[in-house]
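Subject: Structure for your review

Dear colleague,

Please find the structure below, handed over for your work. A summary of what was found in it comes after the structure itself.

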Amino acid sequence: MTVRVVCPGSFDPMHAGHLDVFTRAAERFDEVVVAVVDNPNKQAMFDLDERLAFIKEQTAQLDNVRAAPFEGLLVDFCVANDISLICKGLRGVTDFEYELQMAHMNRQLAGVETIFLPSTPSSSHLSSSLIKEVARLGGTISGMLPEPIEAALLQRLQQR
Ligand code: PNS
């Protein structure tokens with residue numbers, strides 16, 4: 001039986017912690033779909049196509065990983081793509097409370113289960129929003145993102 005999992009998120013932009021989760025999921029499951037939410041109400045630094053392109057580029061070596069956009073309910077995307085498992089990274093207790101609530105909701109809505117991969121300690125403090133804030137305020141973000149994404153982020157900030 002093929003086990004296909006989804007790693008969903010905003011990925012604005014994807015960072016080293018995300019890549020760690022995609023890689024570890026790819027080692028453990030047959031297929032990994034990185035699902036990038038298209039939420040027109042949320043102002044993103046990178047548009048959907050840019051966020052997808054970053055993920056495709058950074059996971060190009062992982063044969064069983066693909067990136068796809070989604071809108072609406074995640075469970076609808078799961079059902080439409082024959083996915084029965086959501087795979088998410090867990091950085092700490094704050095993540096856990098919110099993630100647990102969503103996991104229960106997704107299971108009630110469509111029987112889709114969630115599994116969590118504990119963050120690698122070296123990336124357990126990373127979040128896209130915090131990285132953007134640090135960069136905006138002039139702090140160094142090197143090592144937090146793949147290099148091409150770091151360069152794109154810094155360039156985007158300069159354009160503003
Ligand atoms: O990277 P993020 O912003 O923390 O990702 C959150 C995301 C996109 C995974 C979550 O908001 C989501 O699943 N949104 C889709 C809409 C949905 O299904 N909402 C009900 C969740 S129980």
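The notes that follow concern the ligand and the pocket around it.

Please keep in mind that this is a predicted model.

The ligand has 13 residues around it, and those that come nearest are G9, S10, G72, L73 and L74. Taken alone, the ligand exposes 540 Å², of which the protein buries 70%.

As for the make-up of the shell around the ligand, seven residues are nonpolar, four are polar and two are charged. At least two residues each are supplied by β1 (4–9) and α4 (93–110); α4 gives the most, with three residues.

The ligand takes up the space of the largest pocket. About 1300 Å³ of space lies in this pocket. Its lining comprises 47 residues, and P8, G9, S10, F11 and E99 lie nearest the centre. The elements that give two or more residues to this lining are β1, α1 (16–28), α2 (48–58), α3 (74–80), β4 (85–90), α4 and α5 (128–136). Here the largest share comes from α4, with seven residues. By class, the lining has 20 nonpolar, 16 polar and 11 charged residues.

In short, α4 gives the most residues to the shell around the ligand and the largest share of the lining of the largest pocket.

Yours sincerely

Notes: Residues are numbered from 1 along each chain as its sequence is written. This is a predicted model: local features need pLDDT of at least 70, side-chain atom pairs count only at pLDDT 80 or more; totals for chains, interfaces and linings use all residues. Side-chain values use heavy atoms; hydrogens and water are left out. A residue is near a molecule or strand if one of its heavy atoms lies within 4 Å of it. Accessible areas come from the Shrake-Rupley method with a 1.4 Å probe; for residues, only the protein chains shown count as cover. On a 1 Å grid over the protein atoms alone, a cavity is a set of points where a 1.4 Å probe fits but cannot get out, and a pocket is an open set with protein on both sides within 12 Å along at least five of seven lines; lining residues have an atom within 4 Å of a point. A molecule sits in a cavity or pocket if more than half of its atoms lie within 2 Å of its grid points. Helices (H or I, at least four residues) and strands (E, at least two) are DSSP runs, numbered from the N terminus. Ala, Val, Leu, Ile, Met, Phe, Trp, Tyr, Cys and Pro count as nonpolar, Asp, Glu, Lys and Arg as charged, and the others, Gly among them, as polar. Grid points are joined across faces, edges and corners, and a volume is the space filled by probe spheres set on the points.
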